[in-house]
Amino acid sequence: MKINVKAPAKINLSLDALYKRKDNYHELEMVMTTIDLADRLQLVLLEKDCIKLDVKAHFIPDDKRNLVYQAAALLKERFQIKQGVAITLDKSIPVAAGLAGGSSDAAAALKGLNQLWDLNLSLEELADLGAELGSDIPFCLYGGTALATGRGEIIEPLPMMPNCWIVLAKPSISVSTPGVYRDLKVGEVKHPNTKGMVQAIQDGSFEGICDNIGNVLETVTLVKHPEVKRIKEKMLEFGADTALMSGSGPTVFALVKQYSRAKRVYNGLRGFCEEVYLVRPWQEER
Ligand code: ATP
């Protein structure tokens, strides 16, 4: 038996950190949406009790440091699975980019293995298991557009993102997510309007999304890495309707209603950045 699963990347339409909790996580409010840029996983059932992982990309671990491996190991241990799996992971999502690539791979592995090993777990049960491995995994299991609160693991699904074009640009720098949260001064920064963003999604209003877009982590990453700020400015100069950093960065995305303008932003950015993508919101049904 063989199963193919796609693992789409996400972008943050809004990201707010309200305060630091006693457990050291920040209390978050994020509106996220999946986009049509996806890794691919193939899962093959093995009768032998083992997990094999083959990653078609450089510099990504293929052992228990990989979230896909951890997802398989968690299900195996929790449900005493005696069968095994051979997983091939084909990466297309840029790594350590703020696009939740690893989390989406883990979510896809949980979904696929639920079928392959005949576990009959509900989406909610998979999300609870996923949250043990990473805060973004529950969102990646639901996909589409959603409000994520808590440390990101509490999900309220929202209607689909209105159709538009998305240009992504990832500068070749690395950003440490814990470092960004450590340097964030929640009391001193301007917070995005999460309610306004949720309303805009509910109204299907592209203009409303552009008016309410915001990421509190830009106050840290854009100051530390001026090249990220420059990419954002270039996107707006080339005609983007709006532009924002995703997650803790360093990827910046532009939303553009018109294809001709999106193409201009895409072509313009390719002069500044090696990794540039032109995609649409993810269209698969939930
Ligand atoms: P987030 O938006 O959730 O912060 P990210 O896009 O910043 O995620 P990832 O691409 O998920 O970051 O990867 C971060 C690190 O996790 C990598 O440096 C890599 O070594 C490790 N990792 C573990 N599993 C995976 C995976 N399946 N794909 C990519 N990286 C993985």
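Q: Contact means heavy atoms within 4.5 Å. Leaving aside neighbours within four places in sequence, which residues is Leu99 in contact with?

A: Keep in mind that this is a predicted model. With those neighbours set aside, Leu99 is in contact with Ala9, Lys10, Ile11, Ile93, Pro94, Leu168, Ser246 and Thr251. Leu99 itself sits in the loop between β4 and α2.

Q: Is Leu99 buried or exposed?

A: The cut-off for buried is under 20% relative accessible area. Leu99 comes out at 1%, so it counts as buried.

Q: What does UniProt say about this stretch of chain?

A: Its unreviewed entry puts a "binding site" at Pro94, Val95, Ala96, Ala97, Gly98, Leu99, Ala100, Gly101, Gly102, Ser103 and Ser104. From that set, the lining of the largest pocket includes Pro94, Val95, Ala96, Ala97, Gly98, Leu99, Ala100, Gly101, Gly102 and Ser103.

Q: Where does Ala96 lie, and what is it in contact with?

A: Like Leu99, which is in the loop between β4 and α2, Ala96 lies in that loop, with β4 covering 84-90 and α2 covering 101-116. Beyond its neighbours within four places in sequence, Ala96 is in contact with Lys170, Gly249 and Pro250.

Q: How many residues surround the ligand, and which are the closest?

A: There are 20 around it, and the closest are Asn66, Lys91, Ala96, Ala100 and Gly102. For polar contacts, look for N or O atoms within 3.5 Å. A polar backbone atom of Ala96 is 2.9 Å from a ligand oxygen, and one of Ala97 is 3.2 Å from a ligand oxygen. A backbone N or O atom of Leu67 lies 3.0 Å from a ligand nitrogen. Taken alone, the ligand exposes 620 Å², and the protein buries 76% of that.

Q: Which residues does UniProt list as "active site"?

A: The unreviewed entry names Lys10 and Asp136.

Q: Where is each of the two found?

A: Lys10 is in strand β1, residues 2-20, while Asp136 lies in the loop between α3 (123-133) and α4 (137-142). At 4% relative accessibility, Lys10 counts as buried. The side chains of Lys10 and Asn12 are joined by a polar contact of 2.7 Å.

Q: What does Asp136 touch, not counting residues up to four places away in sequence?

A: With those set aside, Asp136 touches Lys10, Met30, Met32, Ala100 and Ser103.

Terms used: Residues are numbered from 1 along each chain as its sequence is written. This is a predicted model: local features need pLDDT of at least 70, side-chain atom pairs count only at pLDDT 80 or more; totals for chains, interfaces and linings use all residues. Side-chain values use heavy atoms; hydrogens and water are left out. UniProt positions are given in the numbering used here, feature names are shortened, and annotations may be inferred rather than shown by experiment. On a 1 Å grid over the protein atoms alone, a cavity is a set of points where a 1.4 Å probe fits but cannot get out, and a pocket is an open set with protein on both sides within 12 Å along at least five of seven lines; lining residues have an atom within 4 Å of a point. Helices (H or I, at least four residues) and strands (E, at least two) are DSSP runs, numbered from the N terminus. Buried means under 20% relative accessible area, exposed over 50%, partly exposed in between (1.4 Å probe, protein chains only). A residue is near a molecule or strand if one of its heavy atoms lies within 4 Å of it. A polar contact is a pair of N or O atoms within 3.5 Å; within protein, one must be able to donate a hydrogen and the other to accept it, and residues adjacent in sequence count only if both atoms are side-chain atoms. Accessible areas come from the Shrake-Rupley method with a 1.4 Å probe; for residues, only the protein chains shown count as cover.
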